[in-house]
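Please examine the sequence and the structure shown here before reading on.

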Amino acid sequence: MGSSQALALWVVITHLLSLGGGFVSCAKPSFWPSSATHDEAGCLSWRVMVEANNARGWRTVPAPCVGYVKAYMTRGQYGRDLDSVMEQVSAYVDQIAAAADGLDAWIFDIDDTCLSNLLYYQAKRFGAYDPMAFKKWASQGACPGIPPVLELFAALQDKGFKAFLVSGRDEETLGSCTSQNLESEGFSGYERLMMRTPEYRGQSSSVFKSAMRKQLVDEGYRIRGNVGDQWSDLQGDNVGDRVFKIPNPMYFVP
């Protein structure tokens, strides 16, 4: 190759490098996306891990994801995801019937299943659970009802199923205000409200709720469905024929 040809080739290579902003790579493109993702994409991945129960034991929403979780809960996606869950529940309910003996039961969690605590957690920027602060919030009895769940609750009662509300709230301090809050938001006519009594204080939600469900099964009830926002609502013993997880990236309850 002559000097003039070499110079011409160098000019071409230099031009290509300037267009590409770096060295030309001969490596095959990777199938996997780069790990250097935007915050929103990373937070979406974190939320998927939460809903799939792969992220466990976390106490607060990661700081970079606070804005993402707020947007998810308030700008429509949470509502769309919740509606999708309710569609699945409705499809299942259409396939089953309550027996005449009145022993076909459904279990509902309360916090962020029947009643929303979004305003409370949003004000705390989705920080660590504070028992005293939450008790003060819940004692006001002003938690808004969650309309799609209320519709399901009413539809099940119309079909002859018995609804049981099982909550990790402390019965001694929050029993009265919780029942009043439920009533004011339309959750009435349920068979029983089962809350945490002194003997179950300090136990995990999964252990406590397993005990409550066992009590119902021992009484002869058949648990046909179970709805909750935490995996601990839906795991353990006697979970029922089907479980349905409502999305909740705001907090984790073991």
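## The largest pocket

Which helices and strands each supply at least two residues of the lining of the largest pocket? In this predicted model, the elements that do so are helix 6, strand 2 (162–170) and helix 9 (205–218).

The largest pocket holds about 880 Å³ of space. Its lining comprises 33 residues, and those nearest the centre of the pocket are Tyr129, Gly168, Arg169, Arg196 and Val253. Sorted by class, the residues that line the largest pocket are twelve nonpolar, ten polar and eleven charged.

## Helix 6 and helix 8

Helix 6, one of the elements that line the largest pocket, also packs against another helix. In general, a pair of packed helices is described by the distance between the two axes and by the angle between them. For helix 6 (residues 131–139) and helix 8 (residues 171–184), the axes come within 9 Å and cross at roughly 30°. Angles under 35 degrees count as roughly parallel, and helix 6 and helix 8 are therefore roughly parallel to each other.

Which residues make this contact? Helix 6 contributes Lys135, Ala138 and Ser139, while helix 8 contributes Thr173, Leu174 and Cys177. By class, three of the residues in the contact of helix 6 with helix 8 are nonpolar, two are polar and one is charged.

## The largest cavity

How many cavities of 30 Å³ or more does the structure hold? There are two cavities of that size. The largest cavity has a volume of about 60 Å³.

The residues that line the largest cavity are Val50, Asn53, Ala55 and Trp58, together with Asp229, Gln230, Trp231, Lys245, Asn248, Tyr251 and Phe252. In terms of class, this lining has six nonpolar, three polar and two charged residues.

## The second largest cavity

The volume of the second largest cavity is about 30 Å³. Around this cavity lie Ile107, Phe108, Asp109, Val166, Lys209, Asn226, Val227 and Asp233 as lining residues.

The lining of the second largest cavity is made up, by class, of four nonpolar residues, one polar residue and three charged residues.

Conventions
Residues are numbered from 1 along each chain as its sequence is written. This is a predicted model: local features need pLDDT of at least 70, side-chain atom pairs count only at pLDDT 80 or more; totals for chains, interfaces and linings use all residues. Side-chain values use heavy atoms; hydrogens and water are left out. Axes are lines fitted to C-alpha atoms, for helices over the stretch in contact, and angles run from 0 to 180 degrees between N-to-C directions. Helices (H or I, at least four residues) and strands (E, at least two) are DSSP runs, numbered from the N terminus. Angles under 35 degrees count as roughly parallel, over 145 as roughly antiparallel, 65 to 115 as roughly perpendicular and the rest as oblique. Contact means heavy atoms within 4.5 Å. Ala, Val, Leu, Ile, Met, Phe, Trp, Tyr, Cys and Pro count as nonpolar, Asp, Glu, Lys and Arg as charged, and the others, Gly among them, as polar. On a 1 Å grid over the protein atoms alone, a cavity is a set of points where a 1.4 Å probe fits but cannot get out, and a pocket is an open set with protein on both sides within 12 Å along at least five of seven lines; lining residues have an atom within 4 Å of a point. Grid points are joined across faces, edges and corners, and a volume is the space filled by probe spheres set on the points.
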